[in-house]
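Hello,

Here is the structure I promised to pass on to you. Please have a look at it first, and my notes follow below.

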Amino acid sequence: MADVVIAGAAGRMGCRLVALIQEEPDLRLAAALEAPGHPALLKDAGEVAGVGKLGVSLIADPEGALARDRILIEFSVPDASLGHLRMAARQEIDRLAREIPILLSPNMSVAVNVAFRVLADMAKLLGDDYDVEITEVHHRFKKDAPSGTAAHMAEIVAKTLGRELTKVGVYGRHGLPGERTRKEIGVHSIRSGDAVGEHTVSFGSLGERLELTHRALNRDTYVRGALRAAKFIAQAKPGLYSMQDVLGLAP
């Protein structure tokens, strides 16, 4: 059985991780982390997640939680994530991977990572004759825009088509931007209600449009992907991995 530490354990994703990890016989919740000053600190992680007392309290100090043989699952802010990685081996990510197995992914959903693979094939086959527009929808509380998933999708398309995203990326349009250029990649963010996450990549030409869409109906899809990744990491050698490795899709 592998011991798991969850960072951001009182958040929306963290609570679902705490809940669903109880269904995994190969994984055990060893520690739960939250930011200093968080109102849930010292409360039982299971009670915060709504699954009853588990005997694991939410703590703010990761020093005692991050042991070498434990798996860290991060759903916290980037600064905290990097801080926790540094505590795990005191080095930057590229050097950390020489000592411990690390998995980084802009999205933990299994289906989204399959979509990443399919998206590259679509861009390659359709080529420059099709306009590319990416739309993402998330809940009103999301702080960043575009989402990491939408940004990664744009990067995949740009790389496949031999373009530099920093030069062709267009993030929303307003006023009189002029006629759409042939090589630009549009990225648009919608924030509405409690939408969990929806991403659509549209390839359009004069006469047709082909779309690739992923809709997350609840947060459990990300949690199950994270738990699948944890099982992979538990058996992996030191190295830097992605969900493509977990799914056997890496080149």
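Let me start with Leu227. Leaving aside its neighbours within four places in sequence, Leu227 touches Leu17, Leu20, Ile21, Glu24, Leu27 and Ile73, where contact means heavy atoms within 4.5 Å.

Before the rest, a word on the source. This is a predicted model, in which local features need pLDDT of at least 70 and side-chain atom pairs count only at pLDDT 80 or more, while totals for chains, interfaces and linings use all residues. Residues are numbered from 1 along each chain as its sequence is written, and side-chain values use heavy atoms, with hydrogens and water left out.

Buried means under 20% relative accessible area, exposed means over 50%, and partly exposed is in between (1.4 Å probe, protein chains only). Helices (H or I, at least four residues) and strands (E, at least two) are DSSP runs, numbered from the N terminus.

Five strands form an open sheet with mixed pairing, in the order 7-8-6-9-10; two strands pair if DSSP finds at least two bridges between them. Strand 7 and strand 10 (208-216) stand at the edges with a single partner strand each, so one side of each is left without a neighbour in the sheet. From one strand to the next, the twist averages 15°. Axes are lines fitted to C-alpha atoms, for helices over the stretch in contact, and angles run from 0 to 180 degrees between N-to-C directions.

Strand 6 (residues 131-138) and strand 8 (residues 185-191) run parallel and are joined by seven bridges. Strand 7 (residues 169-171) pairs with strand 8 in the parallel sense over three bridges, with Gly169 and Ile185 as bridge partners. Helix 5 (residues 110-126) lies across strand 9 (197-205) and strand 10, running at about 170° to strand 10.

**The salt bridges**

The whole structure holds 15 salt bridges, each being a side-chain nitrogen of Lys or Arg within 4 Å of a carboxyl oxygen of Asp or Glu. One network of them links Asp131, Glu133, Arg173, Arg180 and Glu184. In it, Arg180 pairs with Asp131, the closest N and O atoms being 3.3 Å apart. Arg180 lies in the loop between strand 7 and strand 8 and Asp131 in strand 6, so this pair ties together parts that are 49 residues apart in sequence. Arg180 also meets Glu133 in a salt bridge (2.8 Å, N to O). Glu133 is buried, with a relative accessible area of 18%, whereas Arg180 is partly exposed at 22%.

Best wishes
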